Amino acid sequence: MSPRTTRPTSTPGTTGTTGAGSGTTGTARAELIADAALALLVERGMRGLTHRAVDERAGLPQGSTSNHARTRQALLEAAVRRHAEREMRVLTPDEMPAALGGAAGPVDALALALHRYLTRHPDLLIARYELALEATRRPELRAFYDATGSQFREPLVAMMRAAGSAEPERHALSLVAWCEGLMFSCAAGSYHSAVPTLDELRRGFAELLRGMVGDLAPPPGDGPGAAG
């Protein structure tokens with residue numbers, strides 16, 4: 001394991017928002033509100049997420065968040081939607097099936113996406129865990145959360161199918177479970193002080209994928225991009 005990259009002090013995209021939102025309108029204001037909500041989830045947890053707190057965190061006049069999202073459910077949905085948009089930029093799941101151009105393609109794509117998340121955007125994980133736990137208590141949020149998350153599962157299923165998996169749905173679940181366990185351990189669990197290097201992630205993915213679909217990935221160190 002390598003030394004942990006210093007964790008950002010606020011959710012990316014929200015630093016310095018206090019006092020900066022009074023002139024924003026439309027889409028920009030909606031994103032500002034949702035980004036502020038995600039930052040509050042990281043800093044204070046679910047109890048700290050209130051309409052008034054979002055106004056203060058975003059630097060908006062009091063009542064701005066209520067005008068945009070009148071209920072707590074609407075505010076949570078805005079946070080889930082914005083989180084998915086930002087997570088999509090980090091993980092780029094649309095590139096996963098295209099990564100199969102060579103034997104090491106899926107390994108490199110998955111390792112790079114996970115390493116980028118763990119080293120540059122760990123606070124997005126904390127926000128996601130807060131939203132996921134709240135979804136277990138709110139059936140109306142559960143349905144919205146699951147529908148939003150489906151856009152990340154489908155590319156993985158497509159990748160496993162293209163890799164020759166006889167059971168792409170089951171193998172995609174195993175892949176997600178492996179990634180989720182590693183991310184939780186490094187963001188909030190016992191490995192919070194260190195993350196795997198990019199090479200260690202490649203080796204881990206190679207071992208996992210070989211176990212599921214055979215010779216998809218070469219032995220660690222033998223394929224393109226195996227070093228560093």
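A pocket is an open set of grid points, where a 1.4 Å probe fits, with protein on both sides within 12 Å along at least five of seven lines, and its lining residues are those with an atom within 4 Å of a point. With that in mind, the second largest pocket of this predicted model is lined by Ser150, Arg153, Glu154, Val157, Glu169, Ala172, Leu173 and Val176.

**The largest pocket**

- Sorted by class, the lining of the largest pocket has 17 nonpolar residues, together with 6 charged and 3 polar ones.

**The second largest pocket**

- The volume of the second largest pocket is about 150 Å³, and helices H7 and H8 each supply at least two residues of its lining.
- The lining of the second largest pocket divides into 4 nonpolar, 3 charged and 1 polar residues.

**Aromatic pairs**

- A search of the whole structure finds 2 aromatic pairs, and one of them joins Trp178 and Phe205, whose ring centres are 4.8 Å apart and whose planes stand at 55°, so the pair is tilted.
- Because Trp178 lies in helix H8 and Phe205 in helix H9 (residues 198–213), this pair ties together parts that are 27 residues apart in sequence.
- Are the two partners buried or exposed? Trp178 counts as partly exposed, because its relative accessibility of 27% falls between the cut-offs of 20% and 50%, whereas Phe205, with a relative accessible area of 0%, is buried.

**Cysteines**

- How many disulfides does the structure hold? The structure holds 0 disulfides.
- Cys179 has a relative accessibility of 12% and therefore counts as buried, since the cut-off for that word is under 20%.
- Cys186 is likewise buried, with a relative accessible area of 2%.

Methods: Residues numbered from 1 in each chain as written. Predicted model: local features only at pLDDT ≥ 70, side-chain atom pairs only at ≥ 80, totals over all residues. Heavy atoms only, no water. Nonpolar A, V, L, I, M, F, W, Y, C, P; charged D, E, K, R; others polar. 1 Å grid on protein atoms, 1.4 Å probe; cavity = no way out; pocket = protein on both sides within 12 Å on 5 of 7 lines; lining within 4 Å. Points joined across faces, edges and corners; volume = space filled by probe spheres on them. Helix = DSSP H or I, 4+ residues; strand = E, 2+ residues; numbered from the N terminus. Phe/Tyr/Trp six-rings, centres within 6.5 Å; stacked < 30°, edge-to-face > 60°. Buried < 20%, exposed > 50% of the residue type's maximum accessible area, 1.4 Å probe, protein only. Disulfide = S-S within 2.5 Å.
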